[in-house]
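This explanation walks through a protein structure for someone who has not seen it before.

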Amino acid sequence: MEAVQHFVLVHGACHGACPKRLDEIVSISDYVQPLMEFIDSLNQEEKVILVGHSYGGISISLAMEKFPEKILVAVFVSAYMPPYKSPPGTLILEYFNSTPVESLLDCQLTFNQGLENPPTSAIFGPEYMKTTAYKHCQLEDLELGKTLVRPTGLFLEDLSKESLLTKEKYGSVDRVFIMCEEDEVMKEDFQRMMIQNQQPKEVKKISEAGHMVMLSRPREFSQTILDIAVNYK
């Protein structure tokens, strides 16, 4: 009998089921703690397929660094895919620098360290969700998303520290990037830049996906990660 493969799906910013309030999650270590505890609880011989969406790419990257031996392959779904040669925070800053402020519409950003510094947290606004984040999604998915959205810390100070990711650990895990076409959050040019700079082992594309591909193209997304699982055992 073939061994059963398990996926660990990691949400992006402003989503997720963490019951803690924003002010209770004071560091990136706090933010990724549930993921780290889960992977740490796996049997010594068990390996999983990590799938990170959007900001979840940061979470799975930190897990790859800590538990490279427990990860069969890491799948970045229109997600931050940082290099190991510079801090992950540098990539997030590149994103904000390339994103026009007016495109954020009614998103709310907080600047607890002053307006001269990068934002410390963010939450999607309903208009942004409708026209940008949930493009190509069904109305019922959008309305459900509006009720579940929550603020997310960005932890740029933590993520700007050197040596968070190393070639020996993070760099040893196979990576696949799923490119979401017509994504208005993580623009296609930004996705291509990360692919070109980080050279994942494979690149998959899902057409007319928008950003929330698991809702807009659930069958195509499911089949894509199942196909990936076949190649990494």
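Predicted model: local features only at pLDDT ≥ 70, side-chain atom pairs only at ≥ 80, totals over all residues.

A search of the whole structure turns up zero disulfides. For Cys 107, the closest cysteine sulfur belongs to Cys 14, and it lies 7.1 Å away. A disulfide requires two cysteine sulfur atoms within 2.5 Å, so the sulfur of Cys 107 is too far from that of Cys 14 for a bond. Cys 107 counts as buried, because its relative accessibility is 17% and the cut-off for buried is under 20%.

Cys 180 is in no disulfide either: the nearest cysteine sulfur, in Cys 137, is 10 Å away. Cys 180 is also buried, with a relative accessible area of 0%.

Next comes the space inside the protein. Rolling a probe the size of a water molecule over the atoms shows where empty space is left. The whole structure has one cavity of 30 Å³ or more, and the largest cavity holds about 300 Å³ of space. The lining of this largest cavity consists of 22 residues, of which Ala 13, Tyr 95, Phe 96, Phe 124 and Val 185 are the closest to its centre. At least two lining residues come from helix H3 (88–98), and at least two from strand S5 (121–123).

The last stop is the surface. Leu 109, Phe 111 and Leu 115 make a nonpolar surface patch of about 280 Å². Leu 109 belongs to strand S4, which covers residues 108–110. With a relative accessible area of 31%, Leu 109 is partly exposed.

Definitions and conventions. Residues numbered from 1 in each chain as written. Heavy atoms only, no water. Patch = residues over 30% accessible without salt bridge, like charges linked within 9 Å, V, L, I, M, F, W, Y side chains within 5 Å. Areas by Shrake-Rupley, 256 points an atom, 1.4 Å probe, with all protein chains shown as cover. Salt bridge = Lys/Arg side-chain N within 4 Å of Asp/Glu carboxyl O. Helix = DSSP H or I, 4+ residues; strand = E, 2+ residues; numbered from the N terminus. Buried < 20%, exposed > 50% of the residue type's maximum accessible area, 1.4 Å probe, protein only. 1 Å grid on protein atoms, 1.4 Å probe; cavity = no way out; pocket = protein on both sides within 12 Å on 5 of 7 lines; lining within 4 Å. Points joined across faces, edges and corners; volume = space filled by probe spheres on them.
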